[in-house]
Amino acid sequence: INNNYNSITKLLILDNDRIIYNINDYNLTVYNISSINSDNISNNNNIVSALCINDNGNIISGYKDGSIRVWDSISGSCINTMSCDSEITALANINNNQIVSASKDSICRIWNIDTREIIKYVKIKYVKLDNIN
């Protein structure tokens, strides 16, 4: 058995023929199941920390440096970039031009990905739970 494989850390279904995955935190790769081809759309020094897909089929990636990138899933080109001051920990689609991001600073931000503006943000307060039975 060859143990020199890289670990897939994130995986999403793009459509019936394609998946996107993240290997070793840095690369985003689109894999076509039918043709058995793969294309890297991102290979840089930013560590991918979150992924989602919007209603238009665009790939949204969040990074440890606080940046968020919107990728065209067909061409692989970066359509837009946004950023905040804290590591992105989660992303979710709202509709074709809005996403929500969560970050290490405990803030959830709702973004308009066309204008790159924050529409709203909410600071999440944590409650310490003791002695849960």
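Two strands pair if DSSP finds at least two bridges between them. Strands (E, at least two residues) are DSSP runs, numbered from the N terminus. The legends below describe a predicted model, in which local features need pLDDT of at least 70, side-chain atom pairs count only at pLDDT 80 or more, and totals for chains, interfaces and linings use all residues. Residues are numbered from 1 along each chain as its sequence is written, and side-chain values use heavy atoms, with hydrogens and water left out.

**View 1. Strands 6 and 7 pair in the antiparallel sense.** Strand 6 covers residues 59–63. Its pairing with strand 7 runs over 4 bridges. At one of these positions, Gly-62 has Ile-68 of strand 7 as its bridge partner.

**View 2. Four strands form an open sheet in the order 5-6-7-8.** Pairing is antiparallel. Strands 5 and 8 stand at the edges with a single partner strand each, so one side of each has no neighbour in the sheet. From one strand to the next, the twist averages 20 degrees (axes are lines fitted to C-alpha atoms; angles run from 0 to 180 degrees between N-to-C directions).

**View 3. Cys-78 lies in strand 8, residues 78–83.** Cys-78 is partly exposed, at 36% relative accessible area. (Buried means under 20%, exposed over 50%, partly exposed in between, with a 1.4 Å probe and protein chains only.) Residues up to four places away in sequence aside, Cys-78 touches Arg-69, Val-70 and Trp-71. Contact means heavy atoms within 4.5 Å. Ile-59 is 19 residues from Cys-78 in sequence and 9.3 Å away in space, C-alpha to C-alpha.

**View 4. The largest nonpolar core holds 12 residues.** Such a core is a set of buried Ala, Val, Leu, Ile, Met, Phe, Trp, Tyr and Cys residues joined through side-chain atoms within 4.5 Å. Its members include Ala-50, Ile-60, Val-70, Met-82 and Trp-111. Strand 5 (48–53), strand 7 (67–71) and strand 9 (88–95) each give two or more residues to this core. A second, separate core has 11 residues, among them Leu-14, Ile-41, Leu-51 and Trp-71. Not counting residues up to four places away in sequence, Ile-60 touches Leu-51, Ile-68, Leu-91 and Ile-113, among others.

**View 5. Ser-103 is buried in strand 10.** Strand 10 spans residues 98–103. The relative accessible area of Ser-103 is 7%. Its side chain makes a polar contact of 2.8 Å with the side chain of Arg-109. (A polar contact is a pair of N or O atoms within 3.5 Å; within protein, one must be able to donate a hydrogen and the other to accept it, and residues adjacent in sequence count only if both atoms are side-chain atoms.) The Ser-103 side chain also reaches the backbone oxygen of Ile-107 at 3.2 Å.
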